[in-house]
Amino acid sequence: MSPAYDSVAVGDTLAPLTVHLERADLVRYAGASGDFNPIHWNERFAREVGLPDVIAHGMLTMALAGRVVTGWAGDPGAVVEYGVRFIRPVVVPDDGVGATVEVAGTVKEKLDDGCVVVELLVTFDGAKVLGKALATVRLP
Amino acid sequence: MAVNPEYAGRAYPSSRPYDVGAEKIREFATAIGDDNPAYHDLDAARALGHAGLVAPPTFVFSITFAATRVAIADPGLGLDYSRVVHGDQRFAYVRPIVAGDLLEVTTTLESVRSVAGNDMVTARSEVTDAAGELVVTTWSTLVARGAA
């Protein structure tokens, strides 16, 4: 199920992912993660602190992007490193439509120890939301 | 009031161990929309060689951020929590986290600085198991934007 290290080449693309987020998803993630910051569920509060509307947890976006890597690797335990920079928030309006996040992954580097580095491109509303999004995966 | 650079290197131990539960792993995986069997089905996790359900790679943040929050809320640090945004996040695993793990976290303020009016603090959390072995190291960089 996991791709073999020898069969992977730099430039290979991983199966992409499109995720639709609505307010209810942020509520569920708040409960699951323990992050109840009101900017992720309270529109009045979000606007008061200068945001255009409720925004998704940055860590939720990071987790969604990670799904492309764990889906490709098969065994989530194969992910040995994962890091991102949070560049831009994902705004989730309460309009029955919500927000759409797109994730694409590409093999960027093959390391000597049987690991490969995947670079993730995560976009919302046509712009990158995560920067320097890199995951290192140990392959069989 | 700018952040206090003398707080660099200060360490904060875990308040109490965190009991990684199978149901919480299932709940978290569902919340991120991931039906990977390793997160939900014990037989599938075991077939991959794990002792229990595997936690998704970002799951541990819930634990490390609780510890980080204690560190960054230290009044002597001088970080204005009301203006803090999450800048960067990174995880480096020794082994995956599985249901049944009992984890403790020590958080160190690895870097404390002011750059162009913005305060930036990097908190490094070392997560160890009941045997005292390192499981994962995480780094969270938090940014408090300046008044301008």
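Visitor: How many aromatic pairs does the rule give over all chains?

Guide: This is a predicted model in which local features need pLDDT of at least 70 and side-chain atom pairs count only at pLDDT 80 or more, while totals for chains, interfaces and linings use all residues; side-chain values use heavy atoms, with hydrogens and water left out. Residues are numbered from 1 along each chain as its sequence is written, and chains are lettered from A and ligands numbered from 1 in the order in which they are written. With rings of Phe, Tyr and Trp (its six-membered ring) pairing if their centres lie within 6.5 Å, and with planes under 30 degrees apart counted as stacked, over 60 as edge-to-face and the rest as tilted, the count over all chains is five aromatic pairs.

Visitor: Which kind of aromatic pair do B:Y18 and B:F59 form?

Guide: The ring centres of B:Y18 and B:F59 are 6.5 Å apart. The angle between their planes is 65 degrees, and the pair is therefore classed, with over 60 degrees as the criterion, as edge-to-face.

Visitor: What pattern does chain B follow along its sequence?

Guide: Chain B holds four helices and six strands, and its C-alpha trace spans about 55 × 30 × 20 Å along the principal axes. Read along the sequence, these elements of chain B follow the pattern β-β-α-α-α-α-β-β-β-β.

Visitor: Over how many bridges do β4(B) and strand β5 (residues 118-128) of chain B pair?

Guide: Strands are said to pair if DSSP finds at least two bridges between them, and in this case one bridge sets B:V105 against B:V127 in β5(B). The two strands also form a hairpin with two residues between them, and B:A116 in that turn has a positive phi of about 50 degrees. The pairing of β4(B) with β5(B) is antiparallel, and its number of bridges is eleven.

Visitor: Which residue of β4(B) stands opposite B:D19?

Guide: β2(B) pairs with β4(B) in the antiparallel sense over two bridges. In β4(B), the residue opposite B:D19 is B:L102.

Visitor: How many bridges join β2(A) to strand β6 (residues 130-138) of chain A?

Guide: Chain A has three helices and six strands. Within chain A, A:Y82 stands opposite A:A135 in β6(A), and A:A135 is also the bridge partner of A:V118. β2(A) and β6(A) run antiparallel, and the bridges joining them number six.

Visitor: Which strand of chain B is joined to β2(A) by bridges?

Guide: A:V84 stands opposite B:Q89 across the two chains. The pairing is antiparallel, with five bridges, and the partner of β2(A) in chain B is strand β3 (residues 84-93).

Visitor: What area do chain A and chain B bury between them?

Guide: Contact, meaning heavy atoms within 4.5 Å, links 24 residues of chain A with 27 residues of chain B. In chain A, A:A32, A:M59 and A:P76 lose the most area to chain B, together 22% of what that side buries. Buried area, the accessible area (1.4 Å probe) that two parts lose on being put together, summed over both, is 58% on carbon and sulfur atoms here, and its total is about 2,300 Å².

Visitor: How many salt bridges are counted between chain A and chain B?

Guide: A salt bridge requires a side-chain nitrogen of Lys or Arg within 4 Å of a carboxyl oxygen of Asp or Glu. The side chains of A:R85 and B:D88 meet this way at 2.9 Å, N to O. Between chain A and chain B the count of salt bridges is two.

Visitor: How many residues does β2(A) give to the side of chain A that touches chain B?

Guide: On the side of chain A that touches chain B, α1 (23-33), α3 (58-73) and β2 (79-86) each supply at least two residues. Of the elements of chain A, β2(A) gives the most to that side, and its share is eight residues.
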